[in-house]
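Here is a brief report on one protein model. Keep the sequence and the 3D view open while reading.

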Amino acid sequence: MKLHKNPVGKTDVTVTNLSLGGASLGNLGAVVSDAAVHDVMTRAWDAGIRYFDTAPHYGRGLSEVRMGRFLQDKPRDDFVLSTKVGRVLSPGPALEQADGFINPLPNAVRYDYSYDGILDSFESSCARLGTSRVEIIFVHDIGEVTHSPAENAGHMDDLLGSGFDALRTLKASGRVGAIGLGVNESQVCLDVMAHQPLDVILLAGRLTLLDREAEGGLLDACAQHGTSLVLGGIFNSGILATGPKPGAWFNYAPASQDILDQAGELATKASDVSLTLAEAAVQFAIRHPAACSTLLGTGKVSSLQRNLDAAALDLSDAALAFVTT
C-alpha cells in the first residue's frame, strides 16, 4: 500500500494518511521491550509512515523518549511529530504502574493548561524527543471525561485565558506548525471551538465503525472551520479488533450487552461483504473524508502488519458501501 499525505487544517503541515500512535510504546497495559519498540517503529517507517504521535502521559515520558531515540538518525524534515500539553512532568518516585502504564519513568505529573504550564510541558517534551520543534501540539484530555465539572471549569479558564496565548506564541515562532485538541469526547471540542479556532483534533474512539458520536455536530463544525481530524481509538479499546466475545472492552471498560449486540450486527454485515470486523474498522477510518490521518497504536509488529494489510485491501462495491455509510 502506497501511503499519501494530507494537509492538516489550513496549515502548511502535511501528514501521511496512516500514522503510528505511541501509547503502547509507553507500556500501556503491558511491558514492551526497547527491542520491540525499535522493531515496531522500523516496520512503520519501512511501510511509509512518516507521522508519529506521542504524549507525556504515555508512560510518564517513556513513549517520547523511545520515539525520540528511534528518530534521532532520521532526517528531521522527513517526518512529522505530534505530542501533547496539559500534563507537566517533574522528577518523582519510581512506580510499578501509573494510569495504566507499566514501569513508567520516575516522574510525577500535574495538570496545567495555563501559559506557563503549556510552555513547560512543550519544552520538556522537546527534550525527551530530542528535537527543537514539534509539528502538531494537542491539548490533552481537557473536558469532563477526564476531569470533574469543577476541575474542568478551572482548566478551561486557564486554557482560554492564557494557554492558547502560549500555543499561538509557539506557532508564531515556527516551533509548532498546527494546534489542536487530543480528546475522547466531542462536546469539549465544540466548547473550545466556540472561542478559539483549531487546526486539528485528535479524536479517540468517537468516530468509528461502532461509535458515531462526532456526527452529532462536530463534523459540521470541523467542515465549517477547516479543522482536520486525526482518528485514534479506531477499535474502541478492542471490541472492533477482537469482536463481540465475552470480556471484550469498549472505550476503556467491559462492553455492555447492548454494545456487544451492536458489534455482533456489524460483524455479520462485515462478513456479508467478505471483511472481518477489524478490517471494516480500519477501512471506515482511513476512508472517512474528515480524517487527515488514522492512528495505528500497537507495540507489536504482528498487530501493526495486520492493520497495514487491512488498510491495503481492495474493496468490492458492496464492501465500500458498507464502510462509507
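## Pro254 and its strand

Pro254 lies in strand β15, residues 253–254. Helices and strands here are DSSP runs (H or I over at least four residues for helices, E over at least two for strands), numbered from the N terminus. The model is predicted: local features need pLDDT of at least 70, side-chain atom pairs count only at pLDDT 80 or more, and totals for chains, interfaces and linings use all residues. Residues are numbered from 1 along each chain as its sequence is written, and side-chain values use heavy atoms, with hydrogens and water left out.

Is Pro254 buried or exposed? Pro254 is exposed, at 58% relative accessible area. Buried means under 20%, exposed over 50%, and partly exposed in between (1.4 Å probe, protein chains only). Leaving out residues up to four places away in sequence, Pro254 touches Ala248 and Trp249; contact means heavy atoms within 4.5 Å. Ser237 is 17 residues from Pro254 in sequence and 9.4 Å away in space, C-alpha to C-alpha.

## Nonpolar cores

The largest nonpolar core has 86 residues. Such a core is a set of buried Ala, Val, Leu, Ile, Met, Phe, Trp, Tyr and Cys residues joined through side-chain atoms within 4.5 Å. Leu20, Met41, Phe52, Ile142, Ile201 and Ile239 touch the most other members. Helix α9 (residues 277–286) gives the most to this core, seven residues.

Beyond four places in sequence, the contacts of Ile239 include Leu210, Trp249, Phe250, Ile259 and Leu277. A second, separate core holds 13 residues, among them Val80, Ile136, Val230 and Cys292.

## Cysteines

The structure has zero disulfides. A disulfide is counted when two cysteine sulfur atoms lie within 2.5 Å. Cys189 is in none; its nearest cysteine sulfur, that of Cys222, is 7.2 Å away. Cys222 is likewise in no disulfide. Cys189 is buried at 0% relative accessibility, and Cys222 is buried at 3%.

## Helices α3 and α4

The axes of α3 (residues 115–129) and α4 (residues 149–173) come within 7 Å and cross at roughly 40 degrees. Axes are lines fitted to C-alpha atoms, for helices over the stretch in contact, with angles from 0 to 180 degrees between N-to-C directions. The two helices are therefore oblique. Angles under 35 degrees count as roughly parallel, over 145 as roughly antiparallel, 65 to 115 as roughly perpendicular, and the rest as oblique.

From α3, Tyr115, Ile118, Leu119 and Phe122 make the contact. The α4 side includes Leu159, Asp165, Leu167 and Leu170.
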